[in-house]
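Subject: Structure handover

Hello,

Here is the structure I said I would pass on. Please open it beside this message and follow along.

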Amino acid sequence: MPHSTMHKEATQQPAAMMRIAIAGGGSFAYILAQEITKSAHPVLILTRQLHPEFQENLPSCQLVQIDYQNVEELNYVLRGVDLLISTISNNEQLNLIDAARRARVRCFVPSEFEGPLSYRLAANFTDPLDNRGSRAALDLLESWSQSRSHRMNYTVFACGIFMERFAPGGGLQAWGMGTQLGLMGSMQPMSDYLVNIEHSTADVVERDPQGRTAYVAMTSMYDVARFVAAAIELTGTGALGMPLERWPREWRVRGDCMTVGELVRTCELVRCVQFSVTRQTYQEAEAWANEHQRAGDVATYLYYQRLLQTASGRYTIRSTNLNELVNQSARTAFQPLRFREWLEQVWGPVM
């Protein structure tokens, strides 16, 4: 498992005690719980079914088996929770938002860990890649954040693409993730995203419609969890303290950011292999997307849409606000993995 570089200096006033809930029992929920339980905050895990790995490895967590269709039950369980982090989607997440607001949860973190909100919430933008109910969840959260009777803050942790998308064994599939995102693993070459490291191939669109170079931000999911845990630690009353009600609409983080071309070259350098690279212009990829849409080939249409939106900046995070804040506190400071460092740890050169 890759590890970030940690450094500690002096201690600082600890964060005020909060009750934190994580919705979901998958791999990312487990990684989040691992990091958050290193603090003194009690953590509640909401899950459809009990997971032995939580009970065996994270005994300080309280697991509650829940029916996400039962809003009243959710409301009851969430009473007294300060911060709710979701790793679920679609109607289940909408029910969770509704119940959280009724239970007077102070801050909600939706299951939206990718690029900046400004791209996805642009006016008149219809997102063909939204098969997780993202827009509906964000619209509902925005509505409740303006409520006069009870305002519930919400914050998105925007991190670009999870580096684990490029991991051996099928990318995110190894963590039970990615199928809804159109980011399948290397078992299906046409569903790869940018590079197929196992087969030393790449398929990229390197410039946007105006000819500007395409960038992509990437963060290991383990580092995203560390950033979430660090943000929680910074909610104290010290000099850097920021209560949940003042969390920004978007915490922007990243481990690395590079051009699409640099991403391919980094993979080649680490693997010591020259990749077979297919380069398409934006207009060529757009034509292929339209053709496959007309033919009813949804999977390939979404594949090209992912390339097109990458070129347009969907996963570009040029500036961060949480990286810097985290490193101002000796208690939370750490350096997230750069992409090459991560690749070397999980792949290494071809032998």
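Start with S200, which is buried, with a relative accessible area of 16%. Buried here means under 20% relative accessible area, exposed means over 50%, and partly exposed is in between (1.4 Å probe, protein chains only). The residue lies in the loop between β10 (195-196) and β11 (201-204). Leaving out residues up to four places away in sequence, S200 touches V273, Q274, F275 and S276; a contact means heavy atoms within 4.5 Å. From S200 to V277 the distance is 8.6 Å, C-alpha to C-alpha, although the two are 77 residues apart in sequence.

Before going on, some notes on the source. This is a predicted model, in which local features need pLDDT of at least 70 and side-chain atom pairs count only at pLDDT 80 or more, while totals for chains, interfaces and linings use all residues. Residues are numbered from 1 along each chain as its sequence is written, and side-chain values use heavy atoms, with hydrogens and water left out.

The chain as a whole has twelve helices and 16 strands. Helices (H or I, at least four residues) and strands (E, at least two) are DSSP runs, numbered from the N terminus. Of the 351 residues in the chain, 56% are buried. Among contacts with a separation of 6 or more, 73% are between residues 24 or more positions apart.

Next, the sheet. Six strands form an open sheet in the order β4-β3-β2-β5-β6-β7, with parallel pairing. Its edge strands are β4 (62-65) and β7, each of which pairs on one side only. Two strands pair if DSSP finds at least two bridges between them. Strands β2 (residues 20-23) and β3 (residues 43-47) pair in the parallel sense over four bridges, and A23 stands opposite L46 in β3.

Last, helix α6. This helix (residues 134-145) has twelve residues and reaches 16 Å from its first C-alpha to its last, close to the 16 Å expected at 1.5 Å a residue. The expected span is 1.5 Å times one less than the number of residues. In α6, the buried residues are S134, A137, L138, L141 and S145. They lie on the same side of α6 because they cover an arc of only 95° around the axis, the arc being that of the directions from the helix axis to the C-beta atoms. Their cover includes α4 (90-102), β6 (107-109), α5 (117-120), β7 (153-154) and β8 (156-158).

Regards
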